[in-house]
Amino acid sequence: MAQAAAAIPQVTRAPARRRHESLVDVLLLAPGLGYLLVFMCVPLVQVVLRSFGLLAIGEPSQFTFGLYREVLANKIDRDSIVFSLYFALGTTVISLILSLMTSALLQVRFPGRFIISVLYKIPLVVPSLVAAFLVLTIIDQGGIIARALQPYGLGWPELVHDRYGLGIILVLVWHNVPIMTVILSAVMSGIPHDITNAARNLGASPWQVFRNVTVPLSLPGISAASLLVFIGVFGAFSIPSLLGAAYPTAIAVVMSREVLDRANWGLASALGTIVTALSAVLLYVYYRLIRRQEAALR
Amino acid sequence: MNRSWIMRGAPGRWMLALGFFTVASVVLIIPLIVGVLWSLVDPDAGWFPPAIVPPSLSLANWRAMLAVPEIGQAFAMSFLIAPIVTALCAALALPTGYALGRRQLRARRTIELLVLAPIILPGIVLATGLGSMFIRLGLSHTVAGVVLVQTVVLLPFMIRIVAATFEGVPQDLIDAARNLGASPWPLARDVLIPLVRPGLFAGGLFTFIGSLEEFVLTFIVGMPYVQTLPVLLWAYLGGRSSIFTYAAVVTMVLLVPTIILMFVAERTLKQEYLAAGFGKV
């Protein structure tokens, strides 16, 4: 059996055979990658071209930076970018703090740990609209907390449709803490216990171990999780569109209005290009960081 | 023996368990219970503040699923689109997943980046591009158009899961089948596909539920003629008009399959399939 496997010629390959092999590769990759090329790359290129005034719908095409100038000149568009950056950053920071705590505590064995490790993943599979509804029933003005406080004469602050997007951040945190916790727990469970035990035996307090051992050793996971959440939240549409105030609105909401209400594909494309470019830059930075870490480890 | 470094005593562990369960019940269990209660509110009595529980319960909202045409239609639409998207994704992902999982590819990094892109790209950007493209192709506001856009965002998960499964197939089995004279097609049908069935099942489940939940692309491309359950939920949650009781019913319909997925995934499927689907960017 083993001899038979070894007998398969894999050592010497004639050029004809190599050409045949790469043809097989292309044929096998064609369905999936071809689909993505046609239905993802082509529209994406169209968005970028359209943001520069090319491929315009319903008006003459010509290369221009006019749409970007329009975005920068328009206070609504400008504020939507700032607002999206604001709640994306807020969500990422709050989620990171909460999931660092959660995943560090999940490393401890405690009664019912299995149930908790299943339960905390529920928001992971919950659609964001459902998450919005579930959190809305709790924190809205007519929600359970407000109702519970009412008999004691206590008011409940306006958290939904508020200027500071607190409702948006709350739902996004609810949704993203489990995603981060999954990544961080996986990284933290890979840290050898010898290291943490050694630190403890040398007299470090649990907090010192967490700060000086666990967090630095989890950095690859921390950066990956933060980037993933930040990019996902920056372009989020459904939650900001439901829980956001009339002003300022998220960049995705402005885009959907341009598309659906005004059929202004050019402006939506310019905003979309800004979102995509920012995501691409962040991903590039992330890959560079990973490379450097790998190099340092070697 | 003692794996923990945060707390070493038994009381500390019980305290930790208590803390975790308190947070879980406030953050997860209570919202779910309140959601179920909203779906059972008696429309004649209503549920107004400061009542903590509804004054009377009824199944009227659930009957509305049959009585209100748009809910029934959205339900039918969602469950019509999901199997088509799943089948399309499986058919496209099988060969590509095989190539990614088993063959030595030259531009592997680029290909992997291409497969990862739809997962990372904000849905609204894709929706803007596909929306204008589909208007030109006459696919806007059609079921076919919605199937195609949902496939764009769900195919990457399927490809990654299938590729991870193919990677785990022992080379011995393939060599043995080849040595016994199997040509490529019977090899695929009788050896490879049965061996990757668990991964295909995991990916299929993931895709099916992903299709039921997909909102942004369906919303931009399908509006207003193709209405799936999430589009309707958006409308009931205040996108069009606020109807909390119907929203609760649609929420429950969307929640049940996802929670089933969770338990199936946790019990039977290997974690690496889901890890392959979700991330490890």
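How are α2(A) and α5(B) oriented to each other? They are roughly perpendicular, a term for angles of 65 to 115 degrees, with under 35 counted as roughly parallel, over 145 as roughly antiparallel and the rest as oblique.

This is a predicted model, in which local features need pLDDT of at least 70, side-chain atom pairs count only at pLDDT 80 or more, and totals for chains, interfaces and linings use all residues. Residues are numbered from 1 along each chain as its sequence is written, while chains are lettered from A and ligands numbered from 1 in the order in which they are written.

## The contact between the chains

Chain A puts 80 residues into the contact, and chain B puts in 79 residues. Two residues are in contact if their C-beta atoms, placed from the backbone, lie within 7 Å. On the side of chain A that touches chain B, helix α2 (residues 15-51) gives the most, with 15 residues. Helices (H or I, at least four residues) and strands (E, at least two) are DSSP runs, numbered from the N terminus. The residues on that side of chain A comprise 58 nonpolar, 17 polar and 5 charged. Here Ala, Val, Leu, Ile, Met, Phe, Trp, Tyr, Cys and Pro count as nonpolar, Asp, Glu, Lys and Arg as charged, and the others, Gly among them, as polar.

Two packed helices are described by the angle between their axes and the distance between the axes. Axes are lines fitted to C-alpha atoms, for helices over the stretch in contact, and angles run from 0 to 180 degrees between N-to-C directions.

| Helix pair | Axes come within | Crossing angle |
|---|---|---|
| α2(A) and α5(B), residues 123-137 of chain B | 8 Å | roughly 90 degrees |
| α2(A) and α4(B), residues 108-120 of chain B | 11 Å | roughly 55 degrees |

Take the pair α2(A) and α5(B), whose axes cross at roughly 90 degrees. From α2(A) come A:F39, A:M40, A:V42, A:P43, A:L44, A:Q46 and A:V47. From α5(B) come B:V125, B:L126, B:T128, B:G129, B:L130, B:S132 and B:M133. By class, this contact has 10 nonpolar, 4 polar and no charged residues.

α2(A) and α4(B) are oblique to each other. Their crossing is left-handed: the near helix is turned anticlockwise from the far one by less than a right angle, whereas clockwise would be right-handed. α2(A) contributes A:L29, A:L33, A:L36 and A:M40. α4(B) contributes B:I111, B:L114, B:V115, B:A117 and B:P118. The contact has 9 nonpolar residues, no polar and no charged.

## Chain B

Chain B has 13 helices and 0 strands. Its C-alpha trace spans about 75 × 65 × 30 Å along its principal axes. Of its 281 residues, 44% count as buried. A residue is buried if 20 or more other C-beta atoms lie within 10 Å of its own, exposed if 12 or fewer, and partly exposed in between, with C-beta atoms placed from the backbone. Among contacts in chain B between residues at least 6 apart in sequence, 72% join residues at least 24 apart.

An unreviewed UniProt entry places "transmembrane region" features in chain B at residues 12-41, 75-101, 113-135, 141-163, 215-237 and 243-264. UniProt positions are given in the numbering used here, feature names are shortened, and annotations may be inferred rather than shown by experiment. Residues 113-135 are 91% helix and 0% strand, with end C-alpha atoms 28 Å apart. Residues 243-264 are 95% helix and 0% strand, with end C-alpha atoms 32 Å apart.

B:H141 has a positive phi of about 60 degrees although it is not a glycine. B:H141 sits in the loop between α5 and α6 (143-167) of chain B. B:H141 is partly exposed, with 15 other C-beta atoms within 10 Å.

## Chain A

For chain A, an unreviewed UniProt entry lists "domain: ABC transmembrane type-1" at residues 81-286. That stretch is 75% helix and 0% strand, and its end C-alpha atoms are 22 Å apart.

A:A263 is not a glycine, yet has a positive phi of about 50 degrees. A:A263 lies in the loop between α14 (251-260) and α15 (265-297) of chain A. With 14 other C-beta atoms within 10 Å, A:A263 is partly exposed.

A:G221 is in helix α12 (residues 219-234) of chain A. A:G221 counts as buried, with 20 C-beta neighbours inside 10 Å. Leaving aside neighbours within four places in sequence, A:G221 is in contact with A:I183, A:L184, A:A186 and A:V187. A:L267 is 46 residues from A:G221 along the chain, and their C-alpha atoms are separated by 36 Å.
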